[in-house]
Amino acid sequence: MSVDREAGHAPMGPADPVLVVRALDKTYASGFHALKNIDLTVRRGEIFALLGPNGAGKTTLISIICGIVNPGGGSIEVDGHDVVRDFRTTRSIIGLVPQELTTDAFETVWNTVSFSRGLFGKPANPAHIEQVLKDLSLWDKRNNRILTLSGGMKRRVMIAKALSHEPRVLFLDEPTAGVDVELRRDMWAMVRRLRAGGVTIILTTHYIDEAEEMADRVGVINKGELILVEDKAVLMHKLGKKQLTLQLQQPLDALPGALAAYALELGANGTELTYTYDTQAQRTGITSLLRDLGQAGIGFRDLSTRQNSLEQIFVDLVRKGA
Amino acid sequence: MNLYAVRAIYRFEMARTWRTLMQSVASPVLSTSLYFVVFGSAIGSRITSVEGISYGAFIIPGLIMLSLLTQSISNASFGIYFPKFVGTIYEVHSAPLSYIEIVMGYVGAAASKSVLVGLIILATARLFVDYHIVHPLWMLAFLLLTAVTFSLFGFIIGIWADNFEKLQVIPLLVITPLTFLGGSFYSIHMLPPLWQKVTLFNPVVYLISGFRWSFYGLADVSVGISLAATLGFLAACLAVVWWIFRTGWRLKA
């Protein structure tokens with residue numbers, strides 16, 4: 001299945017794609033069909049979150065774009081250049097922070113980051129490397145061997161390596177997997193700074209709150225199929241359900257039969273009623289519910305509403321696709 | 001041509017040599033010195049000369065070749081295997097690099113290290129015996145050609161290997177025996193006629209013979225054949241490397 005990223009999508013200014021994936025397919029030698037006819041466009045300067053459960057195809061997709069895995073069928077363009085034909089151009093534009101902490105344990109932080117810059121065809125620029133290390137709070141560790149660093153620091157080194165050649169498109173594959181809250185917040189701040197500097201960010205994650213916090217748009221991939229691409233806000237509005245919670249004046253033992261049609265949930269020892277409704281529906285049913293509650297003699301002292309999280313939306317989508 | 005990348009890989013690989021100086025340089029020098037002590041002094045004192053050359057001097061090209069082959073293979077195979085093993089190979093794959101540049105970086109560094117070791121052994125030999133080099137430019141040419149060829153071979157082994165044991169199999173079980181039986185410590189003319197013919201199936205004979213010719217003007221086989229055999233093996237290694245990168249064999253899924 002493929003999803004046109006523009007279909008049903010609110011305009012975000014002139015279309016300026018930086019990554020265009022067309023009909024991408026990948027089957028590994030083992031026979032595992034990892035990607036099925038993927039179509040995707042990512043816009044310049046946006047933060048795009050690719051969500052999906054483990055084994056959905058997120059890392060395969062990124063690995064093909066970056067040149068680590070051979071593509072099957074289809075084509076990929078980065079900034080208008082084909083990733084196979086013009087691989088030198090596309091790869092010099094891209095930075096990648098892989099999921100695994102794979103570093104040269106015996107090298108110093110400075111040397112390994114400088115090595116990465118050279119590898120991507122850039123002349124030495126100590127001032128830039130210094131700035132990257134300072135931005136990532138690695139400057140004090142620049143002469144330390146990587147094997148002496150903590151896991152969080154190693155993760156920062158991976159990011160520093162990816163930024164060493166000043167990429168215009170940055171892939172972050174599960175950037176905050178296994179990192180503590182502080183580092184996670186630091187990374188989110190860094191990603192926002194990069195985006196402000198014009199870098200397009202594509203991150204894969206299965207932490208929904210990460211996508212909810214950071215992304216402009218969200219893609220959901222499951223079993224190798226891109227099942228949805230949408231603006232995060234539009235997605236939450238379109239697919240989101242809300243919950244109305246009523247704090248009752250008197251606890252109830254059971255719900256009256258007259259309210260059965262509302263599918264209410266009685267909780268908190270009978271003192272709380274929860275009603276779930278669709279914000280996109282023509283009628284939410286709130287008015288009639290409140291009226292029927294009044295007629296049933298059920299009074300409430302407070303009420304609140306809550307928007308469903310992206311996580312719930314994601315779970316629903318993946319469940320439907322299963 | 002991404003020369004910055006070639007230089008980055010080359011310097012990165014050479015840096016490991018300096019980090020592991022004892023293992024990279026001191027160890028082959030020590031083992032070669034032991035060969036001189038055992039074969040050159042202890043046994044060589046009972047062999048006055050081989051084809052007019054003192055036995056101690058006669059074995060120098062063979063000893064250098066022994067180290068050159070094993071060092072070239074182990075340097076290059078480890079150089080490419082280690083990033084595969086720890087996972088840092090992703091960076092090489094995702095960089096704007098052609099396979100020629102990757103090979104230039106890794107094989108160039110491996111060959112440089114083994115040439116360095118070869119030259120150190122040559123200098124060490126001076127401490128034990130007197131020798132002269134009749135064709136110094138040919139000596140350097142054979143040294144470089146053999147180092148590059150066997151570094152390419154090591155590079156292939158490093159890509160093929162999926163564990164550390166496999167890295168050692170070819171150098172230990174194939175290269176070292178062939179070198180010992182390829183005339184490192186004797187002239188093949190000293191063998192019975194049947195074994196002389198059998199020995200000609202050993203490719204290392206041609207390497208040692210050509211190299212020894214550059215030292216003393218003496219060869220077990222024609223120097224032209226030696227050169228052709230070395231170039232032939234180089235071409236075969238280049239063809240295999242080209243195929244590996246074209247197909248992504250053992251490198252890319």
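**View 1. The open four-stranded sheet of chain A, in a predicted model.** Four strands of chain A form an open sheet in the order β2-β1-β4-β5, with antiparallel pairing; strands here are DSSP runs of E of at least two residues and helices are runs of H or I of at least four, numbered from the N terminus, and two strands pair if DSSP finds at least two bridges between them. The edge strands, each pairing on one side only, are β2 (33–43) and β5 (81–82) of chain A.

**View 2. Helix α1 on the sheet of chain A.** Helix α1 (residues 58–66) of chain A packs on this sheet and touches β1 (17–27), β2 and β4 of chain A, where contact requires that the C-beta atoms of two residues, placed from the backbone, lie within 7 Å. The direction of α1 makes about 65° with that of β2(A), the axes being lines fitted to C-alpha atoms, for helices over the stretch in contact, and the angles running from 0 to 180 degrees between N-to-C directions.

**View 3. The pairing of β4(A) with β5(A).** Strand β4 (residues 73–78) of chain A pairs with β5(A) in the antiparallel sense over two bridges, and the bridge partner of Val78(A) in β5(A) is His81(A).

**View 4. Strand β13(A) and its partners β11(A) and β12(A).** Strand β13 (residues 272–278) of chain A pairs in the antiparallel sense with β11 (residues 241–248) of chain A over seven bridges, and Lys241(A) has Asp278(A) as its bridge partner. Strand β12 (residues 265–267) of chain A pairs with β13(A), also in the antiparallel sense, over three bridges, with Glu272(A) as the bridge partner of Gly267(A). Four residues lie between the strands of the β12(A)–β13(A) hairpin, in which Ala268(A) takes a positive phi near 50°.

Residues are numbered from 1 along each chain as its sequence is written, while chains are lettered from A and ligands numbered from 1 in the order in which they are written. In this predicted model local features need pLDDT of at least 70 and side-chain atom pairs count only at pLDDT 80 or more, whereas totals for chains, interfaces and linings use all residues.
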